[in-house]
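Keep the structure open while you read.

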Amino acid sequence: MSTILLIQSLIGGIIMGAVYALLGVGFSLTWGVMRVINIAHAAFGLLGAFIAYTFLKQLGIDPVVSLAFTVPFLFVAACLIYRLVISSVTRAKEVMISSMIITFGLAIILENVVLLVWGADPRLLTTWYTGKAFVVGPLYFQYSPLIGFFMAVFGVAVIHVFLKMTYTGKAVRAAWQQPDAAQLYGINLKRISTITFGLAVASAGAGGIGMALLYSFEPTSHNLWLVNLFLVVIVGGVGNVLGTAAAGLTIGVITGLSLAFLPYQWVNLVTFGLLMIILLIRPQGLFQSEV
Amino acid sequence: MIEGSRLKASGPATLALVVLMSAAVFPWLGPPVYFISFFYTIFMYICLASSWNMIGGYAGYISFGHVAFFGIGAYATALLMNVFHLSAVSTVLSSIPAGAVAAFVAVLVGYPCLRLRGPYFAVITLCFAFVVDLAVKNLPIVGGADGLWLKAMDLPIEISRAIMFELMLCLMAVTVLVSAKISYSRFGAGLRAIREDEEVAQTMAVNAPWLKIRAFALSAFFPGIAGGLHAYYLTYIHPDIVFDVNISILIVLMALFGGGGSWLGPVIGAAALSLVNELLSTFVKAELARIIYGSLFIIVIIFMPNGVIEFVGKMRKAHSAAAS
């Protein structure tokens with residue numbers, strides 16, 4: 001009995017971890033490539049989840065299908081926000097702190113816009129497959145977390161391939177490793193930064209929908225997501241896509257196991273405590289840092 | 001107050017003294033209780049923002065978790081009162097040991113955490129505030145999620161509010177005075193050197209770890225006392241109230257809005273934003289008010305990264321008060 005519970009918690013943890021990885025990849029990229037710590041990242045993810053919710057409720061469009069709208073929308077919105085707001089601090093002496101404060105403001109704005117538009121109630125993405133599951137031996141697999149899982153794996157893979165294979169992706173990596181040299185080779189740093197920020201936020205939207213497939217969400221959910229993002233990104237190494245994925249899975253498993261063994265209200269304490277310990281012991285991350 | 005006159009400029013010190021004196025008389029002139037409470041809140045935020053500024057402004061270590069010390073002070077006072085069955089007067093006095101408790105916690109937490117810099121320090125302090133909040137909620141000894149009740153004063157509300165007003169006024173005056181003293185001292189110069197470049201400061205024989213921990217403990221001490229007073233003011237405390245992360249954010253915003261480099265910045269910032277806050281919460285929906293607040297963060301960082309004082313100073317093409 002308890003081994004089955006253990007395996008079930010592990011599976012739940014892995015699914016959650018994968019979604020956190022998708023949510024965290026963009027956060028890691030903007031931090032690593034542009035030294036911009038986007039506190040509003042999880043709030044953008046939440047916005048994606050709420051847009052998907054409206055699509056589902058009003059038009060009956062499946063959350064995965066509505067990605068086709070959410071992702072481009074968030075991409076364009078993020079590019080605009082980058083040009084209007086964020087780019088003014090990227091040349092400041094303390095980019096990270098300035099960007100943190102500026103995006104803190106952005107997160108507050110987003111949260112309250114969501115509150116005004118959708119209200120404070122917790123929401124669920126209830127599709128036709130929600131609550132349905134298939135059973136393999138003693139284990140059961142629910143459909144919507146699985147869809148979230150595959151979406152997350154696919155999303156992280158796409159970003160990884162984009163960075164390794166395409167010209168723009170290579171330019172992003174070059175800009176991260178040697179900004180000045182990259183510019184000498186004709187890479188338009190401002191354009192690359194805008195695209196990176198847009199992509200990061202768009203992937204956050206996908207990650208947010210993934211989260212919404214797993215759990216209920218409300219306008220303040222992004223705060224807790226954000227703490228997990230910090231955890232995932234700092235463990236995985238800032239700017240490291242595969243590290244972020246590995247860290248997501250690790251954190252997911254740890255959270256899954258603590259959910260199995262601890263009362264629910266202590267689980268967050270484990271997460272926060274873990275983050276504090278890792279920050280103190282190894283702030284550069286457990287995996288080697290590279291894009 | 002005698003200390004105050006030893007500050008560099010005696011003119012402003014006299015002015016400050018006059019302002020403080022007239023403020024102290026105010027609640028006894030029989031104004032509506034609303035105004036007494038309003039000024040009480042302003043004093044509290046000036047105290048909090050000025051304390052935050054000792055580590056966040058002078059040393060450049062941005063703490064997003066300062067509400068933890070406020071809450072620890074509130075809980076320490078409430079527990080002292082409940083355990084020792086203190087009378088009204090001694091409850092108020094017990095906010096001073098509560099400040100010491102907060103400072104002690106700050107030393108324990110600061111010792112490892114102050115090695116982290118920039119965003120890492122900001123994240124870990126935020127985490128710390130969440131951890132304390134969750135721990136208090138889950139520990140039945142300190143009231144858990146039910147909160148704690150404190151005995152109220154057996155006085156009419158005008159009188160009790162006026163007493164709290166005077167106490168908070170005193171605390172604010174002391175905090176601002178200490179903050180100003182630090183700003184003009186070798187200690188403050190050392191902290192500024194750390195903000196500019198910690199490595200260079202250390203090679204110039206600035207004992208950075210020691211200065212940082214002292215500044216951090218001091219910046220926790222006054223919020224601890226403020227928390228103790230506020231607990232008694234509220235007569236009921238709950239983790240959601242005294243560990244509210246929005247207070248942390250508000251403190252940071254106030255100090256940065258006024259300008260973290262000088263002692264006057266947080267005073268101006270806290271007074272201005274408390275006023276804005278009050279107006280917004282009276283006339284605008286809460287969500288909209290917070291949207292305006294969020295926009296303020298962005299505007300402050302983009303247009304006046306050194307605070308409103310320096311911004312105004314630059315506008316007037318004069319030497320800013322913050323540059324000393």
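## Basis

This is a predicted model; local features need pLDDT of at least 70, side-chain atom pairs count only at pLDDT 80 or more, and totals for chains, interfaces and linings use all residues. Residues are numbered from 1 along each chain as its sequence is written, and chains are lettered from A and ligands numbered from 1 in the order in which they are written.

## Where the chains meet

Chain B puts 29 residues in contact with 34 residues of chain A. Contact here is C-beta atoms, placed from the backbone, within 7 Å. On the chain B side, α7 (118-138), α13 (245-258) and α15 (286-303) each supply at least two residues. Helices are DSSP runs (H or I, at least four residues), numbered from the N terminus. α7(B) gives the most, with 13 residues.

The chain B side divides into 23 nonpolar, four polar and two charged residues. Ala, Val, Leu, Ile, Met, Phe, Trp, Tyr, Cys and Pro count as nonpolar; Asp, Glu, Lys and Arg as charged; the others, Gly among them, as polar.

## An oblique pair in chain A

Helices α2 (residues 41-59) and α8 (residues 189-214) of chain A pack at about 60 degrees, with axes 7 Å apart. Axes are lines fitted to C-alpha atoms over the stretch in contact, and angles run from 0 to 180 degrees between N-to-C directions. α2(A) and α8(A) are therefore oblique to each other. Angles under 35 degrees count as roughly parallel, over 145 as roughly antiparallel, 65 to 115 as roughly perpendicular and the rest as oblique.

The contact includes Phe44(A) and Leu47(A) of α2(A), and Val201(A) and Ile209(A) of α8(A). By class, it has 11 nonpolar, six polar and no charged residues.

## An antiparallel pair in chain B

Helices α3 (residues 33-56) and α11 (residues 208-234) of chain B come within 7 Å, axis to axis, and cross at roughly 165 degrees. That makes α3(B) roughly antiparallel to α11(B).

Residues of α3(B) in the contact include Met44(B), Cys47(B) and Trp52(B); those of α11(B) include Phe216(B), Phe222(B) and His230(B). This contact has 12 nonpolar, three polar and no charged residues.

## An enclosed helix in chain A

In α9(A), 13 of the 16 residues are buried, so the helix is largely enclosed by the rest of the structure. Buried means 20 or more other C-beta atoms within 10 Å of the residue's own, with C-beta atoms placed from the backbone. Just after α9(A), Gly237(A) takes a positive phi of about 95 degrees.

Methods: Two residues are in contact if their C-beta atoms, placed from the backbone, lie within 7 Å. A residue is buried if 20 or more other C-beta atoms lie within 10 Å of its own, exposed if 12 or fewer, and partly exposed in between; C-beta atoms are placed from the backbone.
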